[in-house]
Structures are given as structure tokens and as C-alpha cells.
Amino acid sequence: MERNNVLLKITDLRQYFPVGKKKGLYVKANDGISLNIYEGETVGLVGESGCGKSTFGRTLLQLYRQTDGKTMYYGASRDELAPEYIEKTIRHLPHGLHELAALEKKRDEMQKVYDAADEQKRLHMHNDLTAAKKAANDAYLNIVNVIGGFITAKDLGPVMKIFSERHDRCCDLHKAIEKRAPVKLDYDEEAFKLSKLKAGERGYDSRKGKLDKLAEKVAEHDKLVEAARAEIAKVDARIDAMRAKYAADPEFQKHEALLDNGIDLARLTYPEVRTLRSQMQYIFQDPYSSLNPRMTVANIIGEGLLAHKYCKKANERMHEEILQTMEDCGLAPYFLHRYPHQFSGGQRQRIGIARSLAVHPKFVVCDEAVSALDVSIQSQIINLLQDLKEQQHLTYLFITHDLSVVKYISDRIGVMYLGNLVELADSQEIFDHPMHPYTEALLESIPTTEEKRDLAVLEGDIPSPVNPPKGCKFHTRCKYCTEICTHVVPDWEEVTPNHFVACHHKLHTNE
């Protein structure tokens, strides 16, 4: 598959839930997940019940605020959003660098002890060393993603001043865009009303005059937005002039390469996350409990349009938007004023899909979107999702138990076990050349009519996510387990192009 631009870059994502009142006891639902999701692709996610698939989907959208890790989103402009964490990073830059130095010192000291230790002691130290490396790397990336190579500057004063000035200009741009939005909404509403009249009809001229005045206001706000962008460009020119002084400095260039204009979702405030919510939507697993029984289909689909200010109120324009969305999702117009209890499971799921797609998202998490449906209805919903993806250029994370479904709809497939991704590859590659023992066991358990054979049974249950096994979490059920598996967490590595595995004993390789 051809790789497009990265839409989401997830690095070491963790989601822990506290258990009771006992300190230090957590359900480790997601325990260090890393992958990139590209624009326009469908990433399938499979695994046994309780492995953390749904939690991962909800955490990506920050419905659960992630405990740790980075989730970089490239579907919106960081300059337009002007997130608060940028200003905090710049303001606390000296403190951040001091903290980074302390973490790097701790990491280096631990590395020296590790290098001098015997093999048995290294097995026990490996996980602690990995954690120390991660802590130092996270602190480093939080700074270098914002200021790049200027982390090497001896005098932080000019760096803090110019980047603070740039953030102020970004805040001006954000305010200008916010002020433009209601004026543009008024213009769109008036343009819709005018489209229902013909030239010469009563009221046409007065409405046309009102629309022209609104067009002038929109143009004025457009100028303010462009002026704010121009001010940012001026500051960028000054920053580029500062960068030019370091053109021959390889240390500066090394850090500069990590400058990242993506939006770190994990560091956003709640209002900032809400601003992006329309771009990242969720289709829930249960088509029964996920719909409000007291709301009609029109209310359910229209709720997002009002919340994200696509429409001012429940008027004729909103009515047409809802009908168009319903048509796209295969729902008849006469369903508009019915309640959820009047529909079948497949129709309810279509309503859930329509609700998510009404606000024109870029990324959609489909959480077991067909698991509660009959097989014939499943195929309808999957084909619908495929058609909508092509029509609206959507990107999906498709969570499911059904390996036959995920093979059909996915470009790439990730296999999850007890909060971790253990394998990730192109869909056909996963089925043809599984490299992780758990993936192999899942594939061998698929019922088939092609040949008579006994289904393979994976012995044992998934261990507790509160107290997972040390080392590789799958070693308690793995027939290839050796001593290293019981002590050392396997690295997540690219074994062949675009095929990632976390295992000490990879299958179908020469290792």
C-alpha cells in the first residue's frame, strides 16, 4: 500500500486506571503502544476481549485522557489552534532543560551500571533502564518538538523572547478565526435562504442586500485572519535568520530535525480538545445503548451540527444537512422523526454512523461497529463504511474480533495482547507471514470449510492487566517461551519493510 501523509503519530501511549484506593495499583489497559496512522487508510485492530482495543480507540480521541506517551495529530494547524502547552514550554524553558539534564544523568548512570553487569543482572535491570531512557526522551521531545535546534543555545533569553512572540501572534490568529466563524455562519445561513428564492420574487432584493453586507463582513474578517498569518510569517523570517547562524552546526541540525508542527493531543486542555472533536469521531460498539432513546433521529444527527456550530439552530438548512447525511448512510427520509426503539440493529448502527459523519470528520474510530449485527447486515455496514471512506476521504481505526472482517476492510492490521501491540503489518502480510506466536494462534483458530482440521486452541486465559507477567506478557501461554521471555520486554522493531513485531522468537525469519 502507498503511504500517504501521517495523520496520527502515536508513541508509547499508556492508559492506566487506578484500582480502588490502594496507591500504585493500576489496570494497565494500554501499556506502551506506538504506530503511525496515515491519511486515507484503514487500520484494523484485533485481539481477545479485554486486551485494551476499545480503550485505545477512546484514548486516541482523548475521551480518556492518556496517562503517558505522545499522540501527535497532523490534521489541523497548530498555529491556528495556538495550544496552551506551547506557551508553557517556552515560559518554563530553563526549568525544563534543568529537569532534562537530571533525567539524562540518571539514565547515563544506570546505563554504566548495566554495561558493567553480568548477563543475569542485565535481565533484571533491562526494564528499569528502558523506563529511564523513556523518561529522558519524553522530556527532551517536549522541548525539541517546540523549539528544535535552539535547545543548544547558550543564551536562552533571545530564544524564549522570539518564540514567545510567535506564540502571541498565533493566539491573535486563533482569536481572528474564532471571530470570523459566527459571521461566516450568518453568511451561510443567509445564502441558503436566498438560494430558495428566485430573482424578482418578493423579498429577494432585500435578502440579497443583506447577504452582500454579510459578505463584506466576512471579507473584513478574512483580511484580519490573513494579517495575523502575515505577522506569524514575519516572526518566522526572523527565526529563520537566527537558524542561519547555525547552518554549519551538526549538533543544532540534529535537534532541528525533530522540530514537529503536529498537535500533541495529550497536552491539550479540555476546551482545545473540544475544538478538534469534530475532526475525530467515534462509532460506538453497541447500536442500542449508544443512542439516546428520548431523541429522534433528527435530534441525534443534528446534535453535533449544533454543538460544533455548523448550523445556528434547527432550521430548514439544518434539516437538509441531516437528510443529506441520512441519504449518504442509507437511511430513508421518513425515519427522521422516529425514535431508536423503532429500528432494527442494522438501522441503529447506520444512525450511529450518520451521527459521527454529520460533522465531516477526518478520522473515525469504528469500535466493533458490526459485532452486534447479523452476518447479512454486517456486509451492508462494512460496504457502507468503505463507500463513505472513498467519498469523504476518511481515515479509520477499525476495532474488531472478526479476523475475516478485518482482512476485508483493512489496509494494515495491528494485533493487540494485554495492552500492547505485538504485531503490525499490511493486511495480506499478516495472514501470509505472521511473525508473532499470538498472531499465529489467532489465525489458526479461524473456522474454515476449506479443509478438515481441528481448530487450534490457545491454552490459558489472558493474565490480569493489574499485575501482568514480567518480560513478554504472552510468555505464560507461548509454546516458544525461553528464559529471556520471562525477564525482558521484547523491543518493538521493524523486521521487514512495514512489518513490526515485538517478540524474542520471531516466526518465519532467520533469527
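In this predicted model, Val297, Ile300 and Ile301 of helix H10 meet Ile351, Ala354 and Arg355 of helix H12. By class, that contact holds 5 nonpolar residues, no polar ones and 1 charged. H10 covers residues 297–307 and H12 covers residues 345–357; their axes come within 7 Å and cross at roughly 30 degrees. The two helices are therefore roughly parallel to each other.

- The axes of helix H4 (residues 93–116) and helix H6 (residues 156–195) cross at roughly 120 degrees and come within 11 Å.
- That angle makes H4 oblique to H6.
- On the H4 side, Leu93, Pro94 and Leu97 take part, meeting Leu156, Val159 and Met160 of H6.
- The residues of this contact divide into 6 nonpolar, no polar and no charged.

**The sheet**
- Eight strands form an open sheet with mixed pairing, in the order E6-E7-E8-E3-E9-E10-E12-E11.
- Strand E6 (280–283) and strand E11 (493–496) are the edge strands, each pairing on one side only.
- From one strand to the next, the twist averages 25 degrees.
- E11 and strand E12 (residues 499–501) run antiparallel and are joined by 3 bridges.
- Glutamate 494 stands opposite phenylalanine 500, a residue of E12.

**Helices on the sheet**
- H12, the partner of H10, also lies across E6 and strand E7 (363–367), and runs at about 175 degrees to E6.
- Helix H13 (residues 375–392) packs on the sheet, where it touches strand E3 (42–46), E6, E7 and strand E8 (395–399).
- The direction of H13 makes about 160 degrees with that of E8.

Definitions and conventions: Residues are numbered from 1 along each chain as its sequence is written. This is a predicted model: local features need pLDDT of at least 70, side-chain atom pairs count only at pLDDT 80 or more; totals for chains, interfaces and linings use all residues. Side-chain values use heavy atoms; hydrogens and water are left out. Axes are lines fitted to C-alpha atoms, for helices over the stretch in contact, and angles run from 0 to 180 degrees between N-to-C directions. Helices (H or I, at least four residues) and strands (E, at least two) are DSSP runs, numbered from the N terminus. Angles under 35 degrees count as roughly parallel, over 145 as roughly antiparallel, 65 to 115 as roughly perpendicular and the rest as oblique. Contact means heavy atoms within 4.5 Å. Ala, Val, Leu, Ile, Met, Phe, Trp, Tyr, Cys and Pro count as nonpolar, Asp, Glu, Lys and Arg as charged, and the others, Gly among them, as polar. Two strands pair if DSSP finds at least two bridges between them.
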